[in-house]
Amino acid sequence: MRFGNRGKTNLAGVGSPGNESALGFPMIEIRQLAKPDVAASRELRLQALRESPTAFGSSHAQEANQDLEFFAERLGMSPDRWILGAFDSGVLAGVVGFVRDAGEKTRHRGFIRGMYVHPDHRGRG
């Protein structure tokens, strides 16, 4: 699986919107977030900060007054960091960020940051 491109990425059990899984749920599209996703990403991020304030290093009050450009800068991709979105029928349902360790001897490691799934889309496997 490659995350370096901006195209759709198919994962096991995940496909294009419109297809249904064996459980009857619509399939989820997973792709990197880009500039056209900024408004939806901001809305989901602010909901996450309201709903789960202890799960994040920032606060709703700290980010609610930020403009779209602040959120657009976060979507900047590189081979060392990116943010993926999960889209259910075209609606952003969840996000997860990845950051690769920058150390010369530790670049083979990375970590997940800022994962959140909208409550309406949880528990579907």
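Trainee: In what order do the elements of the chain run from the N terminus on?
Mentor: The order is β-α-α-α-β-β-β. In total, the secondary structure comes to 3 helices and 4 strands. Please keep in mind that this is a predicted model.

Trainee: How do the strands go together in the sheet, and is the pairing parallel or antiparallel?
Mentor: The 4 strands form an open sheet in the order β1-β2-β3-β4, and the pairing is antiparallel. β1 (28-32) and β4 (110-117) stand at the edges with a single partner strand each, so one side of each has no neighbour in the sheet. Direction ignored, neighbouring strands are turned by 20 degrees against each other on average.

Trainee: How many bridges join β1 and β2?
Mentor: β1 pairs with β2 (residues 81-88) over 5 bridges, in the antiparallel sense. As an example, Ile 30 has Ala 86 in β2 as its bridge partner.

Trainee: β1 stands at an edge. How many of its residues are buried?
Mentor: 4 of the 5 residues of β1 are buried, so the strand is mostly covered.

Trainee: Which strands does helix α1 touch?
Mentor: Helix α1 (residues 38-51) packs on the sheet and touches β3 (91-100) and β4. The direction of α1 makes about 85 degrees with that of β3.

Trainee: How far apart are the C-alpha atoms of Ala 93 and Ser 41?
Mentor: They are separated by 9.5 Å, while the two residues are 52 residues apart along the chain. For the chain as a whole, consider contacts between residues at least 6 apart in sequence: 47% of them join residues at least 24 apart.

Trainee: Moving inside, which residues of the largest nonpolar core touch the most other members?
Mentor: Those are Leu 33, Leu 92, Val 95 and Tyr 116, in a core of 15 residues. The elements giving two or more residues to this core are α1, α3 (68-74), β2 and β3. With 5 residues, α1 gives the most.

Trainee: What lies apart from that core?
Mentor: Another core lies apart from it, with 5 residues, among them Trp 82, Leu 84, Ala 86 and Phe 98.

Trainee: What share of the chain is buried overall?
Mentor: Buried residues make up 33% of the 125 residues. The accessible surface comes to about 7800 Å², and 53% of that belongs to carbon and sulfur atoms.

Trainee: A change of topic: how many aromatic pairs are there?
Mentor: The count comes to 2 aromatic pairs. In the pair of Phe 70 and Phe 71, the ring centres are 5.1 Å apart and the planes stand at 85 degrees, so this pair is edge-to-face.

Trainee: Last topic, the backbone. Which residue has a positive phi although it is not a glycine?
Mentor: That is Ser 89, with a phi of about 55 degrees. Most residues other than glycine have a negative phi. Ser 89 has its place in the loop between β2 and β3.

Trainee: Is Ser 89 buried or exposed?
Mentor: Ser 89 is exposed, with a relative accessible area of 53%.

Key:
Residues numbered from 1 in each chain as written. Predicted model: local features only at pLDDT ≥ 70, side-chain atom pairs only at ≥ 80, totals over all residues. Heavy atoms only, no water. Pairing = 2+ DSSP bridges. Axes fitted to C-alpha atoms, helices over the stretch in contact; angles between N-to-C directions. Contact = heavy atoms within 4.5 Å. Buried < 20%, exposed > 50% of the residue type's maximum accessible area, 1.4 Å probe, protein only. Core = buried A, V, L, I, M, F, W, Y, C linked by side-chain atoms within 4.5 Å. Areas by Shrake-Rupley, 256 points an atom, 1.4 Å probe, with all protein chains shown as cover. Phe/Tyr/Trp six-rings, centres within 6.5 Å; stacked < 30°, edge-to-face > 60°.
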